[in-house]
Amino acid sequence: MFMKGKRVVVLTGAGVSAESGIRTFRDNDGLWEDYSIEDVATPQAWQANPGRVWEFYQARRRQLHEVEPNPAHTALAALEEGLDDLTLITQNVDNLHERGGSRQVVHMHGQLETLRCENSGRHEVRMNDADLIDEFLVCTCCAEPQRVRPDIVWFGEMPMHMEEIYTAVEACEVFIVAGSSGHVYPAANLVNIAHANGARTVLVNAEPPQNFESFDEVHLGKAGELLPVLVKEWLSSDA
Ligand code: OAD
């Protein structure tokens, strides 16, 4: 399908970063096999055992220095470059879309690079070596420095930028999902909103996801192999 001139929204999930060596959550070797969501990804876990939660995210923050974007990230950056109206929404908390060349990325589940002051709510990029230790860190914004928390949306918390996301999804003509299992809401419902508003819905994923029925067009396989070919097609007037 030729996408030039169309309003396009892309939603990505952990599958897009899998080929960079970042574990997904729900595949066989996924992160939720080794950790329970209740222990590391809820506000209650942060209350009950902040050390465990902090160490889990510090390890993931350190990993950002060891991984590189893959062809899925660079293909999506090329799609943004080739279109006038593309919104890239990601559930991923890594920085690989940005490092792959994407200029505008809406991180609905937060970001590993930034840490948030529990007192003021202010967040800032903290990726120096001294920021990646297992001991707790404090903010740089309060008169009496306060503990910072991972700048991540935990289960039970409201995803970020939802107004901007709904506006883009309701108005889009093409909605593409890449590398997401469709288990986590409200992200998993965005395809239905797009569909109900008349958008063509396209899936690029290793396996059929939970919300498989909601897609008009399905490409099963690795995002790093499929997306470079598909993006060329989508930007070519011969398609
Ligand atoms: P999941 O781990 O639930 O799903 C990853 C999907 O990617 C699966 O459907 C895989 O089949 C697919 N996949 C794996 N490798 C792939 C590859 N190389 N190419 C294409 N697809 C591939 O990850 P998400 O759907 O992103 O939330 O999970 C959503 C949210 O659940 C995450 O943002 C995280 C998690 O709990 C928070 O931490 C708030």
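User: What is the volume of the largest cavity?

Analyst: In this predicted model, the largest cavity has a volume of about 60 Å³, and the count comes to one cavity of 30 Å³ or more.

User: What makes this space a cavity, and which residues line the largest cavity?

Analyst: The term applies because a 1.4 Å probe fits there but cannot get out. Among the residues that line the largest cavity are Leu 11, Phe 175, Val 177, Ala 187, Val 191, Leu 203 and Phe 215, and the lining as a whole divides into nine nonpolar, three polar and no charged residues.

User: Why is Arg 149 called buried?

Analyst: Buried means under 20% relative accessible area, and Arg 149, at 8% relative accessibility, therefore counts as buried. Arg 149 is found in strand S6, residues 148–152, and touches residues beyond four places away in sequence, including Trp 46, Trp 54, Leu 115, Glu 118 and Glu 157.

User: How do you know that the side chain of Arg 149 makes a polar contact with Ile 152?

Analyst: A polar contact needs a pair of N or O atoms within 3.5 Å, one able to donate a hydrogen and the other to accept it; the side chain of Arg 149 reaches the backbone oxygen of Ile 152 at 2.6 Å, so the pair meets that cut-off.

User: What makes up the largest nonpolar core, and which residues have the most contacts inside it?

Analyst: The largest nonpolar core has 23 residues, and Tyr 57 and Trp 154 have the most contacts inside it. Helix H2 (31–34), helix H4 (43–48), helix H5 (50–63), strand S4 (110–117) and S6 each supply at least two residues of this core, with the largest share, four residues, coming from H5. Apart from this core lies another, of 22 residues, among them Met 3, Ala 72, Leu 88 and Ile 176.

User: Why is His 161 called partly exposed?

Analyst: The class lies between the buried limit of 20% and the exposed limit of 50%, so His 161, at 41% relative accessibility, counts as partly exposed. His 161 lies in the loop between S6 and helix H8 (162–171), and its phi is near 60°, a positive value in a residue other than glycine. Most residues other than glycine have a negative phi.

User: What kind of peptide bond joins Tyr 185 and Pro 186, and where is Pro 186 found?

Analyst: A cis peptide bond joins Tyr 185 and Pro 186, with omega about 5°, and Pro 186 is found in the loop between strand S7 (174–178) and helix H9 (190–196). Most peptide bonds are trans.

Notes:
Residues are numbered from 1 along each chain as its sequence is written. This is a predicted model: local features need pLDDT of at least 70, side-chain atom pairs count only at pLDDT 80 or more; totals for chains, interfaces and linings use all residues. Side-chain values use heavy atoms; hydrogens and water are left out. Buried means under 20% relative accessible area, exposed over 50%, partly exposed in between (1.4 Å probe, protein chains only). Contact means heavy atoms within 4.5 Å. On a 1 Å grid over the protein atoms alone, a cavity is a set of points where a 1.4 Å probe fits but cannot get out, and a pocket is an open set with protein on both sides within 12 Å along at least five of seven lines; lining residues have an atom within 4 Å of a point. Grid points are joined across faces, edges and corners, and a volume is the space filled by probe spheres set on the points. Ala, Val, Leu, Ile, Met, Phe, Trp, Tyr, Cys and Pro count as nonpolar, Asp, Glu, Lys and Arg as charged, and the others, Gly among them, as polar. A nonpolar core is a set of buried Ala, Val, Leu, Ile, Met, Phe, Trp, Tyr and Cys residues joined through side-chain atoms within 4.5 Å.
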